[in-house]
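I opened the notebook to record what I looked up in this structure, one topic at a time. The entries follow below.

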Amino acid sequence: MFVVSGNNIDQTLSRLFVAETREQLEKFTQILVDVDNEPNRIETEVHELFRIAHNIKGSSGMMGLSNVKEVMHRVENHFDEIRQGKAGLSSEMIDVLLRLSDDLLSYIEAESWQNPWNSQQWLELLGFESQGKAGLANAQLKQALEFNEEQAKTLESWQSAGKKLYRVDLKFRQDAVMKTVSVFTWKKHAEQWCSTFAVIPAMDDPALEQADGVVLILQSETGLDEQTLGKISGYPVFDLEKVQIESWEYRPKPAKPVPPSGERAPAAADQTIRVDSVKIDRLINYIGELLTVKAGFNDLIERQEQSKAVWNQLTKLVQQFEQITSDFQLALMELRMVPLNQIFARFPRIIRDISKRLNKPVEIEFFGEDTEIDKQISEKLVDPLTHLIRNAMDHGIESPEKRQVSGKPSTGKIRLGASQEGDYIVISISDDGNGIDLDKVRQKAVKNKLIDPSAQLSKEEIIRLIFAPGFSTAEKVSDISGRGVGLDVVETSIRSLKGEIEVDSELGKGTTFRLKVPLTLAIIQAFLVKSCGQTMAIPSVNVLESYAIRTEDIQNVGGNDVFSLRQEFVPLFYLNRLFGMEDDCSQVSGPLSLVILNRGRNKLGLVVDELVGQAEIMIKQINKALPDNPLVSGATLLGNGEVALILDAKQLIAEVLPGKVG
Amino acid sequence: MAAVDNIMAILNLQFTSLEGGTQQVIFNAGDDYFGIDILNIKEIIRYIPPTKVPKAPVFVEGVINFRGEIIPVLNLDRVFGSASNNKEYTVIVVVETSQKMYGLLVENVLDIVSFGTAEIQPVPEFSNNEKTQYLKSMAKHDDQIVLMLDLDKLVDFEAVEQSMARLKASQSYESSGKRSRSSKNATGE
């Protein structure tokens, strides 16, 4: 076997291989799931499956990963047979291929090329064991041997003591019976010269009778000579077709558990992005334009004069420069944008797995999957979306029997889609399941002491309870969604992306979750306000509207200032109080400026000295020398070089209106 | 102001040409002379008014933009409880320690001094350790004690706040006997 040592593979090449193979395997998985749902699609998709297997075979060969190459060669052959109509693709085979794909992906993502991929089980599962074609080392075909810790220790100690070990492969005839007896007889014979360390399967294992072959590990203090080996192997035992003895060495298996299904542990965030070359070309064009402007500046400098004409020319150049740089910035941000189908594509697989486990047939439908989103955000959406989909399948969609009773098609439906709304992407996940049972939620919340039994709550307020930490409506903990984490985790992760989550549910009809997340984390639309002479930014998503009000419009209710907004009392908060300065920094006379913030159903009126207006701002993190400040989510640089803090409106509301639900 | 610029330019030039060693940038805060290891200094910049941060500890003056990075600015006088409002800060010393970057508000940078290993002494255990806890070591320079700052301790905000509270308690006890001392005329001449 050819093993490439880690340093032989160039890092860039390695990354490229990983990225490319990951993409290929994801496609592979996706097609297989599609084919499983609609078996007749195999006729058209088999070519693509064949091509992918072929590509991976080629690239892994280049990387010197002979095990991968070998398996992919088999897979490729299999698809070739399907292509020629000589074979079919069963659902079991799809299962095997899906697991194979997962295992290969986790092997490749580990990037530890010095450890060969444990391909043995896949060759066996693919049913290639007996073929033993040229090019495949014989040893690889053999059954992988597993030893427990104690056995492994014994073997290691023997080996270090210089004792010799032999592996014997006994192969039975097709029609063999009483294999245990045959093995016992053979073993007795062999033990005249050596001792038996292990029989696999074990003598008392019923599997032995079913096995095509048995492996024995023999141990000898001094080693056996050719003649003795001949005597041992030549011993005629009934029903034995073939006996093969070779000296054997115990090698501890690299610990690498194979995950059972598609839900692999998330790999470290991929740092590379595949970019449409059109986007790069656009950047190059902008650079070209910038160079022209630069030449213009040089030209002006060389003229060495101060005249009206030079001034006009300079003004024009600066304008051009501004235009190009802002276009350039946009184009640069575009590079980070990836279509959402890159993450949506993995869900049919997850749904297939869960669907099988729960015995609930479910189909998934997509819309708006071409919508583009910042790669950084798209990666962070995978876990919340997976969670919501699991939830929908586990708690939302009913069993086929129940569905039939309520007159629904027995196959459940999940719709996953995205659309752009201004600077935000809204991703919605709907199921046509049972919906959220408000009474149950309420009871549970009372039981968990989240609310008072007498509390008067609106439908929305009850639904929001499902996001409370520690809340779970499922009666029993299941391994699908009940992992000790609730929807509060989903909400927290969406909030960390400066997004929002909304739920809409109708009992008996289904539930829809809407995740509203910004297009990009780097630039947001913000509302700029001034207080105490300092400019501050509030993300526009949290701003409902702004007003100029008179002092007379402010009413006092129970010691708190409120403003009546369309028959609704909105509590007021004076932003300058945030800095512990009551009045000494606001010399505002006349109308007050008011910004209405909203968070769910809670509103807060923020009184500021001045409304500056809307702007696109680049979010900058504050150096970690300053500990996390919940009220401040970052900072941005204004055109004049001033640093403006970005206020976290939700925290501000939570601070001012403590004790509000959600 | 031109003089300040000049000094800054010379100092910044020196940073780039120095080859390590125990060189300290000396400045005064309150009645004391402090030193910062030159290796921790990113740059000395002219004072720019920091943007105030709500709910930040009092010794944090705010944040500034330093080469595109938003960093907090600390007021040492406040940490040592000797702040007065009519001080004129002229420079901010930008330091970096344990991957954290922050600015120290300073009236004036006085000098850069090299100290040999023999000159540096450990900080004796004073009964009042509110000030000494921020010190790494000390040395003598022109009959002046130079206190060398431990920059990591200063960004442990929680500890600083606790210590400030203790300091305040002890000061109010002191000033009940005598009037609180004014810490003016402490410019570097």
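**Two crossing helices**

I looked at how H1(A) and H14(A) cross, and the crossing is left-handed. I note that this is a predicted model. Helix H1 of chain A covers residues 11–37 and helix H14 of chain A covers residues 347–358; their axes come within 9 Å and cross at roughly 50°.

I then asked which residues of H1(A) and H14(A) meet. From H1(A) I wrote down Thr29(A), Gln30(A), Val33(A) and Asp36(A), and from H14(A) Pro348(A), Arg349(A) and Arg352(A). Sorted by class, this contact of H1(A) with H14(A) holds 2 nonpolar, 2 polar and 3 charged residues.

**Chain B**

I counted the elements of chain B and found 4 helices and 10 strands. Their order along the sequence is α-β-β-β-β-β-α-β-β-β-β-β-α-α. Chain B has 189 residues, and 32% of them count as buried. I also looked up contacts in chain B between residues at least 6 apart in sequence; 58% of these join residues at least 24 apart.

**Where the chains touch**

**Nonpolar cores**

The largest nonpolar core has 79 residues, and Val63(B), Leu74(B) and Val93(B) have the most contacts inside it. I followed up Val63(B), leaving aside neighbours within four places in sequence. Val63(B) is in contact with residues of chain A, including Ile622(A), Leu626(A), Ala635(A) and Val643(A), and with residues of chain B, among them Val53(B), Ile70(B) and Val73(B). A second, separate core has 41 residues, and Ile351(A), Ile373(A), Leu381(A) and Ile414(A) are among them.

**One glycine**

Is Gly412(A) buried or exposed? I found 26 other C-beta atoms within 10 Å of Gly412(A), so Gly412(A) is buried, as 20 or more are needed for that. Gly412(A) lies in strand S8 of chain A, residues 412–421. Its contacts beyond four places in sequence include Lys360(A), Ile397(A), Arg403(A) and Asp431(A). Gly412(A) and Asp431(A) are 19 residues apart in sequence, and their C-alpha atoms are 7.5 Å apart in space.

Methods
Residues are numbered from 1 along each chain as its sequence is written. Chains are lettered from A and ligands numbered from 1 in the order in which they are written. This is a predicted model: local features need pLDDT of at least 70, side-chain atom pairs count only at pLDDT 80 or more; totals for chains, interfaces and linings use all residues. Axes are lines fitted to C-alpha atoms, for helices over the stretch in contact, and angles run from 0 to 180 degrees between N-to-C directions. A crossing is left-handed if the near helix is turned anticlockwise from the far one by less than a right angle, and right-handed if clockwise. Two residues are in contact if their C-beta atoms, placed from the backbone, lie within 7 Å. Ala, Val, Leu, Ile, Met, Phe, Trp, Tyr, Cys and Pro count as nonpolar, Asp, Glu, Lys and Arg as charged, and the others, Gly among them, as polar. A nonpolar core is a set of buried Ala, Val, Leu, Ile, Met, Phe, Trp, Tyr and Cys residues joined through C-beta atoms within 7 Å. A residue is buried if 20 or more other C-beta atoms lie within 10 Å of its own, exposed if 12 or fewer, and partly exposed in between; C-beta atoms are placed from the backbone.
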